[in-house]
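Visitor: I would like to learn how to read a few features of a protein model. Where do we start?

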Amino acid sequence: MRILQSASIVVLFLSLFIPLSGIAAEAIEPPYSNETVISDNQIQKYASSEIPIEWIYPDFYDAVEPNTDTATSGICGEALSWQLADDGTLTITGTGVMTDFARVRSPWYANRSKVTAVSFPAGITYIGNYAFYDCDNLTTVEIPDTVTAIGMGSFSDCDTLAEVVLGKNLCTIGNSAFYFSDALAAITMPDNLQTIGTYTFGDSIQDVRIPDSVTYIPEELLMLPSIRTFTSQNKTQIGYYTDEHNILFYGREDGTAQLVKCPRNGVKSYVVPDTVTEIGAYAFADRGLYEISFPDGLSSIGNYAFDS
């Protein structure tokens, strides 16, 4: 074991030319690639790891003429219809795939501030892009088990959305699906979830449960400063798993692991497990770590791993 006090950590990471007993302070790739894992397929939205175009060009969707239609019922898919009641409940009926919308073109957009609850039918399979964007009085959402994918920005900018229950057969959450929904503090991801898009959640998220089925976690989620805990039920230590400090690891079949991220959990002193050969970029950044013990098998440390 090698132990560093905080002063030593600063010296080590301010100079990338000073190795620690053969440990090179170098950038390492995370345990996932930046390949596109979500296509533009309508039913299965496997969102790209690229930044969504609307965050690069913020006027892209804002330039679309807003939907000013104040109708309270209509069609929102080939076999789906909708109706907004006086009590603020937006009821979707029917089966199958919901239409994709631009930011301001959902058929209930002009009445979005009246929407306080959404009722989904058991037969819906896909929630369209930007379907409930900017529904700022929507407080809770329960996604039925028949939904396999949530589209890009579906519940983004929902300022009062504080509780989301995801259906057990959900496989994909699209890019920015809950971005800027700043009342959402915790999310439990279902066991069948495979893909999480970029910028899916905003910096209000504090507690994240990661199912064994997830093979890719975007860096944007890992970097959220609000996260207090990562939790996982993975006991095999292959793929993503967590320890008693809620620190996130990515384990390999050869028994080695990468320490991916330490949440803002108040840990001041930490012993890195012997199985860890890599510490990821920004793994302990801005975490106030005072003392850390490295295993002899540690071979690389990512950029800014202990940045403050």
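Guide: Start with the names: helices and strands are DSSP runs, numbered from the N terminus, and a strand has at least two residues. This is a predicted model. Tyr282, for instance, is in the loop that links strand E20 (276-279) with strand E21 (291-294).

Visitor: Is Tyr282 buried, partly exposed or exposed, and why?

Guide: Buried means under 20% relative accessible area and exposed over 50%. Tyr282 has 30% relative accessibility, so Tyr282 counts as partly exposed. Together with Met223 and Tyr304, Tyr282 makes a nonpolar surface patch of about 290 Å².

Visitor: Which residues touch the most other members of the largest nonpolar core?

Guide: That core has 50 residues, and the ones with the most such contacts are Met98, Phe120, Ile127, Phe132, Phe155 and Phe178. At least two residues each come from strand E4 (80-84), strand E5 (89-97), strand E7 (123-127) and helix H4 (219-222). E4 gives the most, with three residues. A further core lies apart from this one; its 20 residues include Ile247, Val267, Ile279 and Phe306.

Visitor: What is Phe155 in contact with, beyond its neighbours within four places in sequence?

Guide: Among its contacts are Phe120, Ile127, Phe132, Leu138, Val141, Leu161 and Phe178.

Visitor: How many bridges join E5 to E7?

Guide: In general, side chains in a regular strand alternate between the two faces of the sheet. Here E5 and E7 run parallel, joined by three bridges, and Gly96 stands opposite Ile124 in E7. E7 also pairs in the parallel sense with strand E9 (residues 149-150), over two bridges. In that pairing Tyr126 is opposite Ala149 in E9.

Notes:
Residues numbered from 1 in each chain as written. Predicted model: local features only at pLDDT ≥ 70, side-chain atom pairs only at ≥ 80, totals over all residues. Heavy atoms only, no water. Core = buried A, V, L, I, M, F, W, Y, C linked by side-chain atoms within 4.5 Å. Buried < 20%, exposed > 50% of the residue type's maximum accessible area, 1.4 Å probe, protein only. Helix = DSSP H or I, 4+ residues; strand = E, 2+ residues; numbered from the N terminus. Contact = heavy atoms within 4.5 Å. Patch = residues over 30% accessible without salt bridge, like charges linked within 9 Å, V, L, I, M, F, W, Y side chains within 5 Å. Areas by Shrake-Rupley, 256 points an atom, 1.4 Å probe, with all protein chains shown as cover. Salt bridge = Lys/Arg side-chain N within 4 Å of Asp/Glu carboxyl O. Pairing = 2+ DSSP bridges.
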